[in-house]
Amino acid sequence: MPLLNKWWYTEYAEEIVITLREREVKRTPFYQQSPQFKYRSILVAWMRSIAEDLHLNNAAIHLAVYLLDIFMDNHRIEEERLNFVALVCILLAAKTEERDANVPKISELNTRVGNQYPATDFISLEFMVMHFFHWNLVIPTAAHFAEYFTVFATSLSDMNSAPPQFNTYPDLRNAVQQYIRDFLDLSLQEVCLIPMKPSFVAAVCIAAARQFLHMSPKWPDVLENVTMYQYKDLQPCVMLFISFRDYFQGAAQAYNGYFSFLQPLPL
């Protein structure tokens with residue numbers, strides 16, 4: 001279950017972000033040692049498609065992909081069972097991030113693999129994944145941080161430098177929020193972003209959205225204060241996100257390896 005509905009608008013938001021920052025440095029290390037990672041881009045695209053069909057929120061799909069990445073990194077999984085593991089990660093993420101009414105049923109997920117597996121197999125694998133993560137799936141992702149950072153991504157003063165197609169502030173704000181979602185989706189595709197702090201990846205998505213729309217300043221003081229990142233730290237990733245934005249729709253494979261020269265910020 002999510003901690004709070006739209007927590008980023010509540011009086012507890014700052015405290016929750018502090019907790020997220022504490023937890024992000026404790027995430028399970030990622031070593032990119034699984035031979036199954038050659039299938040990752042296909043699995044992630046498939047998981048995103050299922051999540052969209054099920055109307056799962058952004059935090060759920062980001063958590064599901066993270067669970068798959070780390071579990072796959074630490075286990076040898078038979079190729080024909082990769083889709084099954086991905087489905088269980090979606091199920092666990094939905095149970096963590098969604099309201100009960102929106103958590104998919106096992107039978108509903110099983111249809112995605114031709115009803116190959118009995119419910120007991122789902123339950124057994126759920127147990128195995130939960131045990132691996134020490135029964136704690138409250139794990140921050142870029143989507144969690146972006147929910148909070150997005151509140152500060154625009155202000156009325158941005159209308160002074162807004163592109164001419166935006167006649168009202170709500171139009172500009174909605175466009176920025178859509179680009180943030182797009183860049184968050186893009187961030188799921190690249191393996192080399194996995195070891196980076198999710199707060200860093202979220203900040204990159206905010207900065208990329210603002211720069212893509214030629215907003216000035218690129219990185220206002222309020223965003224530097226809220227995210228705790230300076231623009232100079234974000235810029236290399238920002239430029240790459242923007243460069244490959246045109247390939248975003250239906251070309252997940254195009255992103256593979258483009259960020260390999262980047263080194264993750266130390267945890």
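Ala 153 is buried, at a relative accessible area of 1% (buried means under 20%, exposed over 50%, partly exposed in between, with a 1.4 Å probe and protein chains only). The model is predicted, so local features need pLDDT of at least 70 and side-chain atom pairs pLDDT 80 or more, while totals for chains, interfaces and linings use all residues. Residues are numbered from 1 along each chain as its sequence is written, and side-chain values use heavy atoms, without hydrogens and water.

Ala 153 sits in the loop between α7 and α8 (169-188) (helices are DSSP runs of H or I, at least four residues, numbered from the N terminus). Leaving aside residues up to four places away in sequence, Ala 153 touches Asp 158, Val 176, Ile 180, Ile 206, Arg 210 and Leu 223 (contact means heavy atoms within 4.5 Å). Gln 177 is 24 residues from Ala 153 in sequence, yet the C-alpha atoms are 8.2 Å apart.

Helix α7 (residues 142-149) also meets helix α1 (residues 13-24). Residues Ala 13, Glu 14, Val 17, Leu 20, Arg 21 and Glu 24 of α1 contact His 144, Phe 145, Tyr 148 and Phe 149 of α7. The residues of this contact comprise 6 nonpolar, 1 polar and 3 charged (Ala, Val, Leu, Ile, Met, Phe, Trp, Tyr, Cys and Pro count as nonpolar, Asp, Glu, Lys and Arg as charged, and the others, Gly among them, as polar).

Ring pairs link Phe 145, Tyr 148, Phe 149 and Phe 152 (rings of Phe, Tyr and Trp, the last by its six-membered ring, pair if their centres lie within 6.5 Å; planes under 30 degrees apart count as stacked, over 60 as edge-to-face and the rest as tilted). Tyr 148 is buried at 8%, and Phe 149 is buried at 0%.

Technical notes: Axes fitted to C-alpha atoms, helices over the stretch in contact; angles between N-to-C directions. Helix = DSSP H or I, 4+ residues; strand = E, 2+ residues; numbered from the N terminus.
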